[in-house]
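Hi there,

Here is the structure I promised to hand over. Have a look at it first, and then read on for what turned up.

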Amino acid sequence: MTTLTEASSSKFVRINEGELDLLIHYNDCGQGDETVVMLHGSGPGASGWANFNRNIEPLVEAGFRVILMDCPGWSKSDSIVCEGSRSDLNATALKGLLDELDIEKVHILGNSMGGHSAVAFSLRYPQRVGKLVLMGGGTGGASLFTPMPTEGIKRLQGLYREPTIENLKSMMDIFVFDTSDLTEELFQARLDNMLARRDHLENFVKSIQANPKQFPDFSPRLAEISAETLVIWGRQDRFVPMDTGLRLVAGIPNSELHIFNRCGHWAQWEHADKFNRMVLDFLTH
Ligand SMILES: O=C(O)/C=C/C(=O)/C=C/C=C(\O)C(=O)O
């Protein structure tokens, strides 16, 4: 079997969907009758590949096609200023991508912003969703226990405004529970990603100035989601508090929740093996 790499799976497509006319970058991995779309988080320098590189191979080996969409404003996709709901904007972009690729129905695994966007997509296009995995995200809205914006989101926004290695390390320091796995190589790769697209950084800052609430609260509509849903959270998440996960399972009728201990905002990376087993089991049963 050939080794999967970012470069060998990298593709671009032009989408024309609603008000969006954008070049979208995505990675297309493996082949199979069923497709899993992975949607990344909103941190500076994030991408599908950066978020999910520990999670692609097990799904591909199990016979799934895996599509990693880089949302508008991230990585090699076109940049954009978002003055409305970014969750809905990403949902529109995903609809455009799936139409271009001629894929009718997908499972969606969303991380943080990617989870918010997966819920937006499910509410708008329920017939196109198989199962949902929502990790560290799924809806905006206030936490009952943690003042918002959280310390993590404050550091994330500070990094967008001043993209320095010091601010990156300060954000990453509270991003994961156990920082000993964070290497200089990882910091450098993330910094390079960020600085390669200063337009994305500037447009993110303009977006939150125009609309600080980029991710709307979907709580009142969660009961409309019929897809079987697995919610996954880190017990020590300092970016999107764990009680958001409780709100999701309270609202989505066909859902269950797993909380990883000793885990921050990146469960798919911090607990990759167990996470992969859990997701595979969920998708195949
Ligand atoms: O503000 C929110 O609700 C969402 C925040 C995020 O999506 C943060 C995500 C950060 C990453 O996953 C990353 O890789 O930077």
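**The largest cavity**

By class, the lining of the largest cavity comprises six nonpolar, five polar and one charged residues. In this scheme Ala, Val, Leu, Ile, Met, Phe, Trp, Tyr, Cys and Pro are nonpolar, Asp, Glu, Lys and Arg are charged, and the others, Gly among them, are polar.

Please keep in mind that this is a predicted model: local features need pLDDT of at least 70, side-chain atom pairs count only at pLDDT 80 or more, and totals for chains, interfaces and linings use all residues. Residues are numbered from 1 along each chain as its sequence is written, and side-chain values use heavy atoms, with hydrogens and water left out.

The cavity holds about 90 Å³ of space. Its lining includes Pro44, Trp74, Tyr160, Met194 and His200, and α8 and α9 each supply at least two of the lining residues. (Helices are DSSP runs of H or I, at least four residues, numbered from the N terminus.) In total, the structure holds three cavities of 30 Å³ or more.

A cavity here is a set of points on a 1 Å grid over the protein atoms alone where a 1.4 Å probe fits but cannot get out; a pocket is an open set with protein on both sides within 12 Å along at least five of seven lines, and lining residues have an atom within 4 Å of a point.

The largest pocket has about 750 Å³ of space. It is lined by 34 residues, and Met148, Pro149, Ile153, Pro212 and Phe215 are the closest to its centre. Helix α6 (151–161) gives the largest share of this lining, three residues, while α5 (113–124) and α9 (198–210) each supply at least two.

The second largest pocket, at about 190 Å³, is lined by Ala50, Asn53, Arg54, Leu186, Ala189, Arg190, Asn193, Trp266 and Trp269. Four of these come from α8, the largest share.

**Where α7 meets α8**

How do α7 (165–173) and α8 (184–196) cross? Their axes, lines fitted to C-alpha atoms over the stretch in contact, come within 10 Å and cross at roughly 120°. The two helices are therefore oblique to each other. On the α7 side, the contact (heavy atoms within 4.5 Å) is made by Ile165, Leu168, Lys169 and Met172. Among the α8 partners are Leu186 and Arg190, which also line the second largest pocket.

Best wishes

Terms used:
Axes are lines fitted to C-alpha atoms, for helices over the stretch in contact, and angles run from 0 to 180 degrees between N-to-C directions. Angles under 35 degrees count as roughly parallel, over 145 as roughly antiparallel, 65 to 115 as roughly perpendicular and the rest as oblique. Grid points are joined across faces, edges and corners, and a volume is the space filled by probe spheres set on the points.
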